[in-house]
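Please look through the sequence and the model shown below before reading on. The explanation then moves from the overall fold to a single helix and its partner.

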Amino acid sequence: MKRAVALLAGLLALSACGLQPMYAGGSSGAVARGLSAIEVAPIEGQAGWLVRNAVRDRIGIAGQSAAQYRLVVRLDDALEGLGVLSDDTISRERRILRARYQLVDLASGDIVLDATAGSDAGIDVVSSEYATIAAEQTALENLSREIADQIVRQVSLTLRETP
């Protein structure tokens with residue numbers, strides 16, 4: 001009984017603080033409708049292709065309504081050597097993926113959101129060139145998904161606050 005009362009008190013406290021689910025209303029909620037009305041502009045390069053597809057997957061492009069917004073993303077993809085051994089070979093790399101993105105209202109041309117996202121991953125450089133290339137590619141794929149998550153999260157928050 002005490003647990004039920006404590007749970008009820010906790011729920012009342014949460015509702016009093018103004019928290020509300022981001023995707024309230026399901027597919028007919030404001031955020032879901034806003035996400036389905038986003039046109040994702042093509043992004044250059046392999047990283048761009050990966051990020052664009054990941055963003056489109058996350059916003060549910062299949063049931064897209066008429067575009068009200070355009071998401072423009074510019075990427076900076078870098079691979080840098082970190083660990084240098086005594087024979088001047090690199091033993092560790094860091095792949096860095098940064099994105100600057102803007103959400104543009106197509107009706108007015110106003111920039112609704114101008115933000116950045118970024119992440120990096122460490123890669124061990126091994127004696128097999130194939131294994132190193134595969135690790136670099138896997139890192140790029142993982143970073144692309146992470147960047148897409150960050151972009152969609154921030155866009156969702158912006159759409160939730162936009163009337």
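The paragraphs below describe the protein as a whole and then turn to one pair of helices.

The model is a predicted one. Its secondary structure comprises four helices and four strands, and along the sequence these follow the pattern α-α-β-α-β-β-β-α. Of the 163 residues in the protein, 31% are buried. Among contacts between residues at least 6 apart in sequence, 64% join residues at least 24 apart.

Consider now helix α3, which covers residues 45–59. This helix has 15 residues and reaches 21 Å from its first C-alpha to its last, close to the 21 Å expected at 1.5 Å a residue. Which residues of α3 are buried? They are A47, G48, L50, V51, A54, V55 and I59. These residues cover an arc of only 165° around the axis, and therefore lie on the same side of α3. On the other side of the helix, W49 and D57 are exposed. Just after α3, G60 takes a positive phi of about 70°.

The partner to examine next is helix α4, residues 129–161. Two packed helices are described by the angle between their axes and the distance between the axes. The axes of α3 and α4 come within 8 Å and cross at roughly 45°. The two helices are therefore oblique to each other, and their crossing is right-handed.

Which residues of α3 meet α4? They are Q46, A47, L50, V51, A54, V55, R58 and I59. The residues that they meet in α4 include L140, I147, A148, I151 and V152, as well as E141, R145 and D149.

Note on methods. Residues numbered from 1 in each chain as written. Predicted model: local features only at pLDDT ≥ 70, side-chain atom pairs only at ≥ 80, totals over all residues. Heavy atoms only, no water. Expected span 1.5 Å × (residues − 1). Buried < 20%, exposed > 50% of the residue type's maximum accessible area, 1.4 Å probe, protein only. Arc of directions from axis to C-beta. Axes fitted to C-alpha atoms, helices over the stretch in contact; angles between N-to-C directions. Parallel < 35°, antiparallel > 145°, perpendicular 65-115°, else oblique. Left-handed = near helix turned anticlockwise from the far one by under 90°. Contact = heavy atoms within 4.5 Å.
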